[in-house]
Amino acid sequence: MFNKLKKLFMDKQDQETNDKYILVPENEISETLKRDIVRLEEVGEAYCKSLQHKYRNKFEREDKQNLKIWVCGDIDGDQLPNLSSEQCLEKEYRSQVAINFDRFTDEEDAYVHYIQLWYYFSGYFKGTGTLYDLSKNHLEADIEEKLEELLNQL
């Protein structure tokens, strides 16, 4: 019986270490975390620019025009003017790498695909953040994987 419980605990622990995100309790949300989020978004923006340049022609050859990859943020789903990473500790702030092509515009909330970077969920009593874990994952490879998936779709 103990071995079954141990295996169950170990499987859950392995699953948590393979997750792409770090759960951040509200009491750990701080200015230090804010710097990490801003840095993550800056890294994401750099990858977006280089991968957009690298993949633009590949998408056009597949008749998928106007590829755009960028980091965007919103609060509670609203893309507010002048919203920046500096507001990342506001509840319901979310940032993500968005990928669009063809008929989509920047203003539309209909991204072909996205990778969430940070989300601060307020909850009813307590808030929780989820942060993309750069220590265990490679953001550029994850973006590239999504781009390849989109290229291979009909």
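**Note on the predicted model**

1. The charged end of K68 sits over the ring of W70, 4.9 Å from the centre of that ring.

2. On the overall fold, the protein chain has 3 helices and 5 strands. Read from the N terminus, the order of the elements is α-β-α-β-β-β-β-α. The chain has 154 residues, of which 38% count as buried. Taking contacts between residues at least 6 apart in sequence, 66% join residues at least 24 apart.

3. What is the volume of the largest pocket, and which residues lie nearest its centre? The space in the largest pocket is about 180 Å³. Its lining has 14 residues, and V71, C72, G73, L83 and S84 lie nearest the centre. Strand β2 (residues 68-75) gives the largest share of the lining, 4 residues. By residue class, the lining of the largest pocket splits into 7 nonpolar, 5 polar and 2 charged.

4. Aromatic contacts deserve a separate point. A pair of aromatic rings is described by the distance of the centres and the angle of the planes. There are 4 aromatic pairs in the model by the rule applied. In one of them, W118 and Y120, the ring centres are 6.1 Å apart and the planes stand at 40 degrees, so the pair is tilted. W118 and Y120 are both buried. Another pair is formed by Y119 and F121, with centres 6.3 Å apart and planes at 45 degrees, so this pair is tilted as well. Y119 is partly exposed, with a relative accessible area of 23%. F121 is also partly exposed, and its relative accessible area is 43%.

5. Strand β1 (residues 21-25) contains V24. V24 has a relative accessible area of 5% and is therefore buried. Leaving aside residues up to four places away in sequence, V24 touches I29, L33, W118, T128, G129 and L131. W118, one of these contacts, is the buried ring that pairs with Y120. V24 and G127 are 103 residues apart in sequence, while their C-alpha atoms are 8.9 Å apart in space.

6. Is D142 buried or exposed, and what does it touch? D142 belongs to helix α3 (residues 139-152). With a relative accessible area of 10%, D142 is buried. Its contacts, not counting residues up to four places away in sequence, are K20, I115, Y132 and N137.

7. Backbone angles call for a check at two positions. Most residues other than glycine have a negative phi, and most peptide bonds are trans. N66 has a positive phi, near 60 degrees, and is not a glycine. N66 is placed in the loop between α2 (31-61) and β2. N66 is exposed, and its relative accessible area is 56%. E92 is not a glycine either, and its phi is positive at about 75 degrees. The place of E92 is the loop between β2 and β3 (93-100). E92 has a relative accessible area of 14%, so it is buried. In short, N66 is exposed, whereas E92 is buried.

8. The last point concerns H53, a residue of helix α2. How exposed is H53, in terms of relative accessible area? The value is 67%, so H53 counts as exposed. H53 and I69 are 16 residues apart along the chain, and their C-alpha atoms are separated by 9.5 Å.

Conventions: Residues are numbered from 1 along each chain as its sequence is written. This is a predicted model: local features need pLDDT of at least 70, side-chain atom pairs count only at pLDDT 80 or more; totals for chains, interfaces and linings use all residues. Side-chain values use heavy atoms; hydrogens and water are left out. On a 1 Å grid over the protein atoms alone, a cavity is a set of points where a 1.4 Å probe fits but cannot get out, and a pocket is an open set with protein on both sides within 12 Å along at least five of seven lines; lining residues have an atom within 4 Å of a point. Grid points are joined across faces, edges and corners, and a volume is the space filled by probe spheres set on the points. Helices (H or I, at least four residues) and strands (E, at least two) are DSSP runs, numbered from the N terminus. Ala, Val, Leu, Ile, Met, Phe, Trp, Tyr, Cys and Pro count as nonpolar, Asp, Glu, Lys and Arg as charged, and the others, Gly among them, as polar. Rings of Phe, Tyr and Trp (its six-membered ring) pair if their centres lie within 6.5 Å; planes under 30 degrees apart count as stacked, over 60 as edge-to-face and the rest as tilted. Buried means under 20% relative accessible area, exposed over 50%, partly exposed in between (1.4 Å probe, protein chains only). A charge sits over a ring if NZ of Lys or CZ of Arg is within 6 Å of the ring centre and within 35 degrees of the ring normal. Contact means heavy atoms within 4.5 Å.
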